[in-house]
Amino acid sequence: MNPMRISDSARGTHPLPVRPEQVTREWLGAALAEHTPGVRLTEGEMVEVIQGTSTKIRVRVATAPGSPALPSTLIVKGGFEDHSPAMGPMYLNEMRFYRDVQPHVPLPSPRCYYTGTDPGSHQSIVIMEDLLRRDVRFCDPLRPQSPAQIARRLSAMARYHAATWNSPEFQS
């Protein structure tokens, strides 16, 4: 896919973008600065939009000299499809996982650079590590998994549940 330049149109971090074209360089920079204070983007381009239950937008970024470093590509994941308002609770749960659970559990998962939610639009967004940089491939529901892949996934889930079972941190 041909890279698409991310526009510089004015958007704050809220309301969150609900369409891919609203993921502007300015919004992306402001969102990333919430997790990484002082980060300043000099460039940003949308490289790929992967549609699905939730949309993944691969972006290429560059930071200003003296700014904290970021990976050259990141994934912006959220509800950017026509069906997305109906999926709002699912996006909120994923955002809560990256914000509230991931830092406390031994589960292999992408590094998170931003989490945000906007109850008004039912949008929740996570900016995360681009796993293609580590040569990780997403599961395909049309491609069978091997017994070893399934066993590895179930073991990871067991570790996650064991680490959080009856945890007072998650009572509320």
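The radius of gyration is taken here over C-alpha atoms, and the globule rule is 2.2 Å times the number of residues to the power 0.38. For the 172 residues of the protein, a compact globule would have a radius of gyration near 16 Å, and the value of 17 Å agrees with this. The structure is a predicted model, in which local features need pLDDT of at least 70 and side-chain atom pairs count only at pLDDT 80 or more, whereas totals for chains, interfaces and linings use all residues. Residues are numbered from 1 along each chain as its sequence is written, and side-chain values use heavy atoms, with hydrogens and water left out.

Along the principal axes, the C-alpha trace spans about 45 × 40 × 35 Å. The secondary structure comprises 3 helices and 6 strands, where helices (H or I, at least four residues) and strands (E, at least two) are DSSP runs numbered from the N terminus. In order from the N terminus, the elements are arranged as β-α-β-β-β-α-β-β-α. Of the 172 residues, 38% are buried; the classes are buried (under 20% relative accessible area), exposed (over 50%) and partly exposed (in between), with a 1.4 Å probe and protein chains only. Contacts are defined by heavy atoms within 4.5 Å. Of the contacts between residues at least 6 apart in sequence, 53% join residues at least 24 apart.

The protein exposes about 10,000 Å², of which carbon and sulfur atoms supply 56%; accessible areas come from the Shrake-Rupley method with a 1.4 Å probe, and for residues only the protein chains shown count as cover. The side chains include 19 positive and 17 negative ones, and the centres of the two sets lie 5 Å apart. In this count Lys and Arg are positive and Asp and Glu negative, while His and the chain ends are not counted; each charge is placed at NZ of Lys, CZ of Arg, CG of Asp or CD of Glu.

Strand pairing requires that DSSP find at least two bridges between two strands. Strand 2 (residues 41-50) and strand 3 (residues 55-63) run antiparallel and are joined by 8 bridges. These two strands form a hairpin with 4 residues between them. Within the pairing, glutamate 45 stands opposite arginine 60 of strand 3, and methionine 46 has valine 59 of strand 3 as its bridge partner. Strand 3 also pairs with strand 4 in the antiparallel sense, over 6 bridges; there, arginine 58 is partnered by isoleucine 75 of strand 4. In a regular strand the side chains alternate between the two faces of the sheet.

Helix 1 (residues 25-35) contains the buried residues Trp27, Leu28, Gly29, Ala31 and Leu32. Their cover includes strand 2, strand 3, strand 4 (73-78), strand 5 and strand 6. Valine 126, in strand 6, is buried, with a relative accessible area of 2%. Apart from neighbours within four places in sequence, valine 126 is in contact with Ile75, Val76, Lys77, Glu94, Met95, Tyr98, Cys112, Tyr114 and Thr115. The C-alpha atoms of valine 126 and valine 59, which are 67 residues apart along the chain, are separated by 13 Å.

Histidine 122 counts as partly exposed because its relative accessibility is 47%. Residues up to four places away in sequence being left out, histidine 122 touches Pro85, Gly88 and Tyr91. A C-alpha separation of 20 Å is found between histidine 122 and leucine 32, 90 residues apart along the chain. With a relative accessible area of 55%, aspartate 135 is exposed.
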